[in-house]
Amino acid sequence: MKVLLVSGDNMHHDYDEPTAMRAWLMDHGVPDRRIVRDYAGFDTYDSCARAKRIFGVSKVIVVTQSYHIARAVMLCRRIGLDATGVGDDSVSRFKGPWRSNARREYPACVKVVYDVVSGRDPVYLGKHETGVEDALRDG
């Protein structure tokens, strides 16, 4: 393991996906110095684009729900990241939310065409962040 860039929504003070991911990783033995949070991953396109453009990442292993992995890896590759993926089914035991989120994947596939074709900027592009570089250097 080199660095884990956890990217998710933190648009509201009481909703913080990256910090929740960080807490889970730390609870499972990942050192804090290996975890970098991206608070502006409002959708998959933003997470992939920011990984490349803001955090300077060139190679990724995408970890996400299995119903979402093909789109996420394809999107990363189209943005120019060397990407592979690992799908996770652990939350599928929560049948209602799992089915609801899986159904959202169909319109998300339509949206991704717009994102890729337009090459839009992420919602928050921002300046270059050195978190990944710092974690690699401090190893």
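**Close-up 1. V63 and its partner across the strand pair.** In this predicted model, V63 has V86 of β4 as its bridge partner. The strands β3 and β4 run parallel and are joined by 7 bridges; for two strands to pair, DSSP has to find at least two bridges between them. Helices and strands here are DSSP runs, numbered from the N terminus (H or I of at least four residues for helices, E of at least two for strands). Together with α3, β3 and β4 make a right-handed β-α-β unit. Right-handed here means that, with the strands pointing away from the viewer, the path from the first strand over the helix to the second runs clockwise.

A word on conventions: residues are numbered from 1 along each chain as its sequence is written, and side-chain values use heavy atoms, with hydrogens and water left out. Since the model is predicted, local features need pLDDT of at least 70 and side-chain atom pairs count only at pLDDT 80 or more, while totals for chains, interfaces and linings use all residues.

**Close-up 2. Helix α3 and what covers it.** Helix α3 spans residues 69-79, and its buried residues are I69, R71, A72, V73, L75, C76 and I79. Buried is under 20% relative accessible area, exposed is over 50%, and partly exposed is in between (1.4 Å probe, protein chains only). The cover over the buried residues of α3 includes α2 (44-53), β3 (59-65), β4 (82-88) and α4 (95-118). Just past the helix, G80 has a positive phi of about 110 degrees.

**Close-up 3. The largest nonpolar core.** This core has 21 residues, and V57, V60, V62, C76 and L81 have the most contacts inside it. Such a core is a set of buried Ala, Val, Leu, Ile, Met, Phe, Trp, Tyr and Cys residues joined through side-chain atoms within 4.5 Å. Two or more residues come from each of α2, β3, α3 and α5, with α3 giving the most, 6 residues. Zoom in on L81: leaving aside neighbours within four places in sequence, L81 is in contact (heavy atoms within 4.5 Å) with C48, A51, K52, V57, S58, V60 and C76.

**Close-up 4. A83 in strand β4.** A83 sits in β4 and is buried, at 5% relative accessibility. Not counting residues up to four places away in sequence, A83 touches V60, V73, C76 and R77.

**Close-up 5. Two aromatic pairs.** The count comes to 2 pairs, where rings of Phe, Tyr and Trp (its six-membered ring) pair if their centres lie within 6.5 Å, and planes under 30 degrees apart count as stacked, over 60 as edge-to-face and the rest as tilted. F42 and Y124 have ring centres 5.5 Å apart and planes at 65 degrees, so this pair is edge-to-face. F42 lies in the loop between β2 (35-38) and α2, and Y124 in the loop between α4 and α5 (131-138), 82 residues apart. For Y67 and W98 the centres are 4.8 Å apart and the planes at 80 degrees, so that pair is edge-to-face too. Y67 is partly exposed at 23%, whereas W98 is buried at 16%.

Close-up 6. The whole structure has 0 disulfides, the criterion being a pair of cysteine sulfur atoms within 2.5 Å. For C109, the nearest cysteine sulfur is that of C48, 13 Å away. C48 is buried, at 6% relative accessible area, while C109 is partly exposed at 36%.
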